[in-house]
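Here is a friendly note to read alongside the model. Please keep the structure open while you go through the points.

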Amino acid sequence: MTAFIIALVLLVAGYFVYGLVVERIIGIDPSRLMPCRTKCDGVDYIPMATWRVFLIQFLNIAGLGPIFGAIMGVMFGPAAFLWIVFGTIFAGAVHDFVSAMMSVRSGGDSLPELVGRELGSAVRQLMCVISVGLLVLVGAVFVVTPSDLLAGMTPGWADGTFWICVIFTYYALATLLPVDRLIGRLYPVFGAALLFMALGLLCYLLFSGIDIPVDFAGGLQSRYGGEGHPVFPMMFVSIACGAISGFHATQSPMMARCLKNEKLARPVFYGAMVAEGLVALVWAAAAIAFTGGYEGLQEYMSSHNGAGALVREISIAWLGTFGGILAILGVVAAPITTGDTALRSARLIIADFMGFDQKNIWRRLLITLPLFAATFGLMMMDFSILWRYFAWTNQMLATFTLWAAAVYLARHGRFFYICLLPAMFMTAVVVTYFFYAPSPEGLGLSITMSAAIGIAAVLIALTLFCRYLYLLRSGRRIHDPGY
């Protein structure tokens, strides 16, 4: 219990201390005209109340990742708690905040445009493909799971197929309609359910007298049974959205187009990531507390149909029938409110890449229909395979974003190490994972060989960055009047 409380305190303190440091490095200008004013179009660029922007950003990023990802990640042992806390403070929240500020200061540009401006046109094209691919994966993943959960809570006629149709219809409306019409109105309701779930479980963990067997005394080695599950790199990919997630950088520009003042950026973007870290921390603790420890959790996961069954049991057992239903609704709302904005962001990325105006609904429809067809096709794949591809692609996107953010800060004479260090670490993670993970998502090499290749990739990327710094300090600085 003591370790869990310390982790909670560190996360909250991280927002007030390190978040303020990052804000001062970026430099906030409350007088700057925001994209919602300069490009207001009544569809995607719309001024919105700060509390709405925060809830939308929080629900966008708090899908299944900080819940399912935390449950699957904590099977690696107590190292998961360290990654959730320090990954959120020093990597995830910085990643979200800086990418959002880059978008604000470029008129609300989407992620591929931001990364391409810093890393080159070839990377811009690659990022467009990766980003849209990831967002379609998110849309597919976050249809299957909530439809299954809802089917288990409703009469027999409302089966999984019925709920898939309902969710797809909602996704279509959320993707096409102005952002304040549906998303801006429904998110507070979904947010209330999700916050009830998280706060209810947190109170139970703190005040019920239940034991939380974090067991730091046993060391940080992997507690995952069997071979092929070392903490590095596997845990750092399993726990993505609860620590750092490239998907978030695809969502930040959407809310950067609705933010009314730069001074609100830290509460919205850094704050939403810290809130997500808290959700991940609660579910990681709940999973081992409910099952009795790391071994018990592994036994439960191997004998039940994934993390969804555990989420349902914990919610009902700890919060009662009514509270459990509301908590499960919160878990259902989380992926749905991520899937809809994922597909909306995919539309915006394609539109920005093609220079295709989106004010007319028929133009929006031209992009949306192929996206939904691709999403439906991916749903035919096995969920576990979908999730693994999503997790690795997600972290690769975060790595590119961090390198672009480091270049951006260096180009403007700011303290770029806040992005450079996590960029180097995430490069080692994603490269090592790709070479170590078994087929089909990896090459299946030994962990020693994979880690060596990962370190080599870091050194190559760092060399290129140092070369850029040399050219920059030699007077080849790009003038950016928007900063």
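1. Let's start with the second largest pocket, which has 21 lining residues; Leu-119, Phe-400, Trp-403, Ala-461 and Leu-464 are the ones nearest its centre. On a 1 Å grid over the protein atoms alone, a pocket is an open set of points with protein on both sides within 12 Å along at least five of seven lines, while a cavity is a set where a 1.4 Å probe fits but cannot get out; lining residues have an atom within 4 Å of a point. The volume of this pocket is about 500 Å³, counted as the space filled by probe spheres set on points joined across faces, edges and corners.

2. A word on the source: this is a predicted model, where local features need pLDDT of at least 70 and side-chain atom pairs count only at pLDDT 80 or more, while totals for chains, interfaces and linings use all residues. Residues are numbered from 1 along each chain as its sequence is written, and side-chain values use heavy atoms, with hydrogens and water left out.

3. Which helix gives the most to the lining of the second largest pocket? It is H19, with eight residues. Helices H7 (111-119), H17 (383-411), H18 (417-436) and H19 (447-473) each supply at least two; helices here are DSSP runs (H or I, at least four residues), numbered from the N terminus. The lining divides into 17 nonpolar, two polar and two charged residues.

4. Next, look at Met-127, in helix H8 (residues 121-151). Is Met-127 buried or exposed? Met-127 is buried, with a relative accessible area of 0% (buried means under 20%, exposed over 50%, with a 1.4 Å probe and protein chains only). Leaving aside residues up to four places away in sequence, Met-127 touches Leu-111, Pro-112, Val-115, Leu-397, Phe-400 and Thr-401, where contact means heavy atoms within 4.5 Å. Met-127 and Leu-397 are 270 residues apart in sequence, yet 7.7 Å apart in space, C-alpha to C-alpha.

5. Finally, in H16 the buried residues are Arg-364, Ile-367, Thr-368, Leu-371, Phe-372 and Thr-375.

Notes:
Ala, Val, Leu, Ile, Met, Phe, Trp, Tyr, Cys and Pro count as nonpolar, Asp, Glu, Lys and Arg as charged, and the others, Gly among them, as polar.
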